[in-house]
Amino acid sequence: MIRTAREIAEYAGAQLEGDAAAQISGVASPESAGPEDLIYVDTARHWERAAESRARCVLLPPGLELAGRTILRTVQPKLAFAKVAAWLLPPQAIAIGIHPSAIIASTARLGDGVAVGPYAVIEDEVEIGDGTQIGAQCFVGRGAHIGERCRLYPRVTLYAGARLGKNVMVHSGAVIGSDGFGYVFGEGKHWKFPQIGRVEIGDEVEIGSNATIDRGALDTTRIGAGTKIDNLVQIAHNVQVGEHSIIAAQTGISGSSRIGKQVVIGGQVGIADGCHIRDGAIVGAQAGIPTGKTIPAGETVWGTPARPLVKFKEQYAWFARLPELVDRLKKLEQQRG
Amino acid sequence: MIRTAREIAEYAGAQLEGDAAAQISGVASPESAGPEDLIYVDTARHWERAAESRARCVLLPPGLELAGRTILRTVQPKLAFAKVAAWLLPPQAIAIGIHPSAIIASTARLGDGVAVGPYAVIEDEVEIGDGTQIGAQCFVGRGAHIGERCRLYPRVTLYAGARLGKNVMVHSGAVIGSDGFGYVFGEGKHWKFPQIGRVEIGDEVEIGSNATIDRGALDTTRIGAGTKIDNLVQIAHNVQVGEHSIIAAQTGISGSSRIGKQVVIGGQVGIADGCHIRDGAIVGAQAGIPTGKTIPAGETVWGTPARPLVKFKEQYAWFARLPELVDRLKKLEQQRG
Amino acid sequence: MIRTAREIAEYAGAQLEGDAAAQISGVASPESAGPEDLIYVDTARHWERAAESRARCVLLPPGLELAGRTILRTVQPKLAFAKVAAWLLPPQAIAIGIHPSAIIASTARLGDGVAVGPYAVIEDEVEIGDGTQIGAQCFVGRGAHIGERCRLYPRVTLYAGARLGKNVMVHSGAVIGSDGFGYVFGEGKHWKFPQIGRVEIGDEVEIGSNATIDRGALDTTRIGAGTKIDNLVQIAHNVQVGEHSIIAAQTGISGSSRIGKQVVIGGQVGIADGCHIRDGAIVGAQAGIPTGKTIPAGETVWGTPARPLVKFKEQYAWFARLPELVDRLKKLEQQRG
């Protein structure tokens with residue numbers, strides 16, 4: 001799709017300065033951009049890269065200039081860039097039509113415009129909303145519900161009964177709704193605790209490749225609308241995640257923990273069972289939250305066991321200076337002796 | 001299936017107090033239970049939740065009462081609950097019969113009642129025991145052996161020659177028997193060390209979604225009977241895991257390490273190569289066990305590098321108080337100066 | 001394949017001492033070897049195991065003897081063993097011919113001798129080099145390029161446009177080219193930053209089971225030739241990994257980080273965004289590298305945040321002795337008071 005700078009500026013709510021008829025056909029980084037690619041600048045370092053770019057049109061924040069370019073002026077250039085990119089470059093279709101090799105149970109109900117790729121399997125009583133695309137080799141278990149305009153990339157598994165809202169995107173290899181990890185030890189062995197609850201994924205959630213989200217044991221695992229989950233994340237039974245949170249790669253959240261809204265969790269974080277990470281908290285990469293712990297709203301924590309970032313940094317700084325402290329201690333001891 | 005309280009009590013070995021004819025059709029948490037759901041109580045907090053429940057029948061330990069309910073009295077209510085749940089609610093079939101789209105080599109030998117889902121691929125000389133169910137889109141490589149009554153959920157891979165015992169459950173996306181990670185550096189590159197050993201999974205093992213268990217390099221990787229492995233766990237070549245151990249999500253066990261019986265390993269634990277975690281040891285979440293280290297039987301360890309939990313906690317408490325200790329040190333220095 | 005000791009010695013560049021006609025049909029560990037299996041010795045402990053072995057032929061370094069065996073003398077026995085193993089035991093075919101159930105777009109171009117397993121899906125404009133084998137149930141997205149003699153085990157996903165060099169091996173469940181994890185927060189929600197870049201995997205790279213490698217956001221994610229990546233590793237958008245590096249299981253590398261040549265990264269390491277790990281550096285297991293940090297060439301680091309190994313060990317030793325240091329501090333305080 002080709003648009004003019006004027007059309008792009010209007011779509012993005014940006015102020016146009018320069019050639020309103022300049023054509024824009026794509027988006028790019030400053031280095032890889034051709035003349036028709038739109039770029040954006042939001043930092044001084046980014047500005048330097050843009051100054052070298054071949055791009056003719058630039059999303060620029062107030063206070064910065066780039067001579068000889070058509071400027072689309074906006075307070076949040078990166079946000080505008082993301083919006084324009086989604087508009088200019090709609091995602092490639094994951095599937096087109098219903099492939100004849102897809103096995104779809106007669107009791108499954110597919111909405112208008114649903115596409116299903118080759119070798120996908122859709123079991124009985126599944127419901128799929130309008131415009132949803134199911135990739136090749138996906139498995140959608142009995143009774144699962146998938147909302148409108150979802151995108152399941154190839155090789156996704158939804159266990160029986162899993163529920164996805166609208167506009168959910170699930171990447172290849174993700175598994176949603178598998179049994180939680182719960183056992184009762186007795187008579188010399190582990191007995192499986194029932195894992196028969198549900199899993200509900202809210203609207204506009206994105207789930208990364210090979211991530212795993214277990215169904216509830218007796219109740220429901222819930223991921224709130226707008227939350228984004230990276231590759232290889234593990235979410236255990238009964239976990240509740242609020243809306244618009246971010247969970248980076250390889251993080252694990254244990255049973256029954258609650259994560260609030262707009263929480264940001266770094267990569268490889270471990271959250272034990274029964275924790276409560278309140279709204280807006282930030283958990284640094286690799287941090288570990290011990291069983292039952294609450295992190296207050298808006299707090300930033302790091303370390304294992306996690307503590308407020310400022311404290312952790314102070315403690316860690318002294319940890320690094322331990323050899324020096326020991327020297328000072330020895331000196332005092334010698335002076336005494 | 002509907003049972004009476006009397007039948008349930010008999011099955012669970014519980015003492016019945018109340019309406020022997022009360023009907024039980026399911027199990028639930030106190031909050032979600034309907035009148036015909038069985039619930040259990042094993043802590044005071046659990047008791048409070050049960051007191052609000054609509055459930056008519058409750059598994060209760062000695063010493064607790066719940067007025068107006070039919071009580072199934074037992075010393076281990078949670079254990080009884082797990083057993084009753086498995087009896088009342090047999091797991092849904094993963095596959096029924098041999099789906100015509102399954103590709104099964106003519107030299108594969110399938111036992112009685114084996115079910116294979118759509119688009120599964122079963123290669124030459126595979127043996128599958130009676131009553132085993134192979135989900136849709138599974139791949140079972142040449143010469144693999146699967147015991148009786150196993151359950152492979154959709155999209156599981158068994159590499160050639162992998163061996164599973166009886167009653168093994170494998171969740172979607174798990175990969176069993178892939179090459180271990182071993183190279184020899186020489187002449188400027190990494191040469192692949194042969195990864196041609198075996199992998200043997202004991203009876204009643206459960207393996208989580210997207211977990212990976214490598215074959216041995218020259219010998220055998222072994223998982224003992226009754227051991228439970230959570231999602232996204234990595235088990236490297238030649239690892240030996242004993243019976244009835246628990247390995248929580250995202251833990252990694254490196255080459256040739258040995259894990260004893262009834263060991264409990266928390267989530268995101270890293271165990272380097274050549275370690276020995278003896279029977280009954282407990283390794284706290286995110287702990288790291290350095291190369292070649294032995295953890296004594298029954299010991300609980302935490303931290304990286306891991307140490308006995310009591311020591312770690314004491315050390316960590318002082319770590320947290322380092323700024324205070326430094327103040328005290330400064331004070332002494334000033335008084336001297 | 002059966003070879004004589006003379007042939008093996010010639011192939012491996014080893015000096016033969018003993019029965020040149022001894023037959024060798026396989027390789028094994030000392031314990032599992034039969035008479036016709038080749039074994040190797042490279043440490044004193046290994047020598048003890050070899051002395052008990054039934055193997056008739058042994059790769060041995062200068063200075064060691066094993067009575068009654070045919071010796072293949074070489075400076076690097078383990079390296080020679082790896083080379084001989086690859087020669088004697090070529091890997092089993094992943095697929096033979098084009099299975100009739102494979103769905104291959106008419107615009108895909110397959111080289112000579114390409115094999116594609118059952119239920120694999122190969123989309124439009126894919127190019128596959130001579131001799132490459134694509135396992136059952138793999139998905140190769142539109143426009144992907146795969147070089148010569150690659151081996152994709154069953155159930156691998158290549159997203160549209162992914163590029164693999166020659167002799168690349170990808171294990172089951174791996175996902176290459178999925179969207180990176182990038183969003184811009186605005187107007188109360190996370191907007192997806194475009195994830196439309198490329199992913200390029202160099203020659204002779206090996207990628208483990210269920211590993212994930214994201215495409216670039218706007219530019220390219222690159223894995224250098226000869227680099228080996230273990231199971232469940234996560235590599236984010238725009239990461240650049242040099243040649244002949246080693247990345248052990250469950251490690252995560254965040255956006256835009258650069259890893260040099262011949263870097264060794266242990267298991268469960270976390271590397272934040274924008275880091276630079278220079279050539280030949282070694283990062284210990286579970287270490288964490290904070291955002292933007294550079295690790296100098298050849299340096300060995302450990303801990304979170306990572307620091308030089310020697311420093312970390314000294315600091316950690318004092319950490320372990322903190323209770324003792326506190327006692328000494330108290331003593332000084334009491335003597336003063």
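Two strands count as paired if DSSP finds at least two bridges between them. Strands themselves are DSSP runs of E with at least two residues, helices are runs of H or I with at least four, and both are numbered from the N terminus. With that in hand, take E35(C), where C:His276 is the bridge partner of C:Arg258.

Before going on, the conventions. This is a predicted model, in which local features need pLDDT of at least 70 and side-chain atom pairs count only at pLDDT 80 or more, while totals for chains, interfaces and linings use all residues. Residues are numbered from 1 along each chain as its sequence is written, and chains are lettered from A and ligands numbered from 1 in the order in which they are written.

Back to chain C. Strand E32 (residues 258–259) and strand E35 (residues 276–277) of chain C run parallel and are joined by two bridges. Both belong to an open sheet of ten strands with parallel pairing, in the order E9-E12-E15-E18-E23-E26-E29-E32-E35-E38. Strand E9 (109–110) and strand E38 (294–295) of chain C are at the edges with a single partner strand each, so one side of each has no neighbour in the sheet.

Chain A next. Here is an open sheet of eleven strands with mixed pairing, ordered E10-E13-E16-E19-E24-E27-E30-E33-E36-E39-E40. Its edge strands are E10 (115–116) and E40 (307–308) of chain A, each pairing on one side only. Inside that order, E36 (residues 282–283) and E39 (residues 300–302) of chain A pair in the parallel sense over two bridges. A:Val283 has A:Val301 in E39(A) as its bridge partner.

Chain A is also divided into domain 1 (3–88) and domain 2 (103–311), with bounds from an automatic or database domain assignment. Taken over C-alpha atoms, the centres of these two domains of chain A are separated by 36 Å.

Now, how do the chains meet? Residues are in contact if their C-beta atoms, placed from the backbone, lie within 7 Å. On that basis, 46 residues of chain C are in contact with 50 residues of chain A. Which element of chain C gives the most to the side that touches chain A? H5(C) does, with five residues. By class, that side of chain C has 22 nonpolar, 17 polar and seven charged residues. The classes are: nonpolar for Ala, Val, Leu, Ile, Met, Phe, Trp, Tyr, Cys and Pro; charged for Asp, Glu, Lys and Arg; polar for the others, Gly among them.

One helix pair crosses between these chains. The axes of H5 (residues 322–336) of chain A and H4 (residues 309–320) of chain C come within 8 Å and cross at roughly 55°. Axes are lines fitted to C-alpha atoms, for helices over the stretch in contact, with angles from 0 to 180 degrees between N-to-C directions. H5(A) is therefore oblique to H4(C); under 35 degrees is roughly parallel, over 145 roughly antiparallel, 65 to 115 roughly perpendicular, and the rest oblique. H5(A) contributes A:Leu322, A:Pro323 and A:Val326, and H4(C) contributes C:Glu314, C:Gln315, C:Trp318 and C:Phe319. Of the residues in this contact, five are nonpolar, one is polar and one is charged.

Technical notes: Contact = placed C-beta atoms within 7 Å.
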